[in-house]
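Please take a first look at the molecule shown here, and keep the view open while reading. The paragraphs that follow lead through the way its parts pack together and the spaces left among them.

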Amino acid sequence: MPKVGMEPMRRQQLIDATIEVVAEVGLGGATINLISRRAGMSSGIISHYFGSKQALIEASVRYLLSQLKMEHSPDSPYERLMKIVDLNFSDVQQADSSTKTWLSFWGRSMHDPKLYRLQELNKRRLVSNLRYSFKQLLDPQNAKEAAEVTAALIDGFWLRCALSRTNKARFAQAKSHCKKYINDVLTLHGVK
């Protein structure tokens, strides 16, 4: 009989193992056997907790997405903008296993409707969060444009750093460029 309270821990172990395996062999090579072996569990446990490998992959992507959420939202819109950039370039998002999993996920999302939906939700959430903060500082049209450009800068710089398997200094520089753009836009519109 399973121990009470073990399910959340086991589910997280399987998600962690999935991220590690995908980082090593890609989504296509990540088999149920490899994932369960990495987690130190039987292969049937994936079906028990997730129903399928696909559901486990989706749960792993949702876990990575959850790392982008703010625990506590800063009070000022400017601080929220800076926090959004910080979260997208956090240590978790720079980790080799995370970058490789994100890259595999993005590539696969072009051919998998469920993963594409998660990618679209992620993209819309980033732009929406940025626009929400910018709208408190700029007129609606400029807020919309600044949010779109900031999201593109975050994704573009992150992707460039991840693809180059670069070091922390490059990620820090990329984060700095995104923050500089935000500051420049606000200065241009007389907010700073």
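In this predicted model, helices α9 and α10 are roughly antiparallel to each other, because an angle of over 145 degrees counts as such and theirs is about 170°. The helix α9 covers residues 140-163 and α10 covers residues 168-188, and their axes lie 9 Å apart. On the side of α9, the contact is made by Glu145, Ala146, Val149, Thr150, Leu153, Ile154, Phe157, Trp158, Cys161 and Ala162, while α10 brings Arg170, Phe171, Ala174, His177, Cys178, Tyr181, Ile182 and Val185. Sorted by class, the contact of α9 with α10 holds 14 nonpolar residues, together with two polar and two charged ones.

These two helices belong to a chain that has 10 helices and zero strands, so that reading along the sequence gives the pattern α-α-α-α-α-α-α-α-α-α. Taken along the principal axes, the box filled by the C-alpha atoms of the chain is roughly 65 × 35 × 30 Å.

Two packed helices are described by the angle between their axes and the distance between the axes. For α4, which spans residues 53-66, and α8, that angle is about 10° and the axes are 10 Å apart. Since angles under 35 degrees count as roughly parallel, α4 and α8 are therefore roughly parallel to each other. From α4, the residues that make the contact are Gln54, Ile57, Glu58, Val61, Arg62 and Leu65, and from α8 they are Lys114, Leu115, Arg117, Leu118, Asn122 and Arg125. Here the contact of α4 with α8 divides into five nonpolar, two polar and five charged residues.

How do the axes of α5 and α8 cross, and within what distance do they come? They cross at roughly 155° and come within 8 Å, which makes α5 roughly antiparallel to α8. The crossing of α5 and α8 is left-handed. In this contact α5 is represented by Pro77, Arg80, Leu81, Ile84 and Asn88, and α8 by Leu126, Asn129, Leu130, Tyr132, Ser133 and Phe134. The residues of the contact of α5 with α8 comprise seven nonpolar, three polar and one charged.

Rolling a probe the size of a water molecule over the atoms shows where empty space is left. The largest pocket has a volume of about 250 Å³, and of the 14 residues that line this pocket, Leu68, Met70, Ile84, Arg125 and Asn129 are the closest to its centre. Both α5 (77-88) and α8 (113-135) supply at least two residues of its lining, and α8 gives the most, with six residues. By class, the lining of the largest pocket divides into six nonpolar, five polar and three charged residues.

Which residues line the largest cavity? This cavity, which holds about 110 Å³ of space, is lined by Leu68, Asn88, Gln93, Trp102, Trp106, Asn122, Leu126, Ile154, Asp155 and Trp158. The elements that give two or more residues to this lining are α7 (96-109), α8 and α9, and α9 gives the most, with three residues. Of the residues lining the largest cavity, six are nonpolar, three are polar and one is charged.

The second largest cavity contains about 30 Å³ of space, and its lining is made up of Thr18, Val22, Leu27, Ile57, Ser60, Val61, Thr101 and Phe105. The helices α1 (6-29), α4 and α7 each supply at least two residues of that lining. By class, the lining of the second largest cavity consists of five nonpolar and three polar residues, with no charged residue.

Conventions
Residues numbered from 1 in each chain as written. Predicted model: local features only at pLDDT ≥ 70, side-chain atom pairs only at ≥ 80, totals over all residues. Heavy atoms only, no water. 1 Å grid on protein atoms, 1.4 Å probe; cavity = no way out; pocket = protein on both sides within 12 Å on 5 of 7 lines; lining within 4 Å. Points joined across faces, edges and corners; volume = space filled by probe spheres on them. Helix = DSSP H or I, 4+ residues; strand = E, 2+ residues; numbered from the N terminus. Nonpolar A, V, L, I, M, F, W, Y, C, P; charged D, E, K, R; others polar. Axes fitted to C-alpha atoms, helices over the stretch in contact; angles between N-to-C directions. Parallel < 35°, antiparallel > 145°, perpendicular 65-115°, else oblique. Contact = heavy atoms within 4.5 Å. Left-handed = near helix turned anticlockwise from the far one by under 90°.
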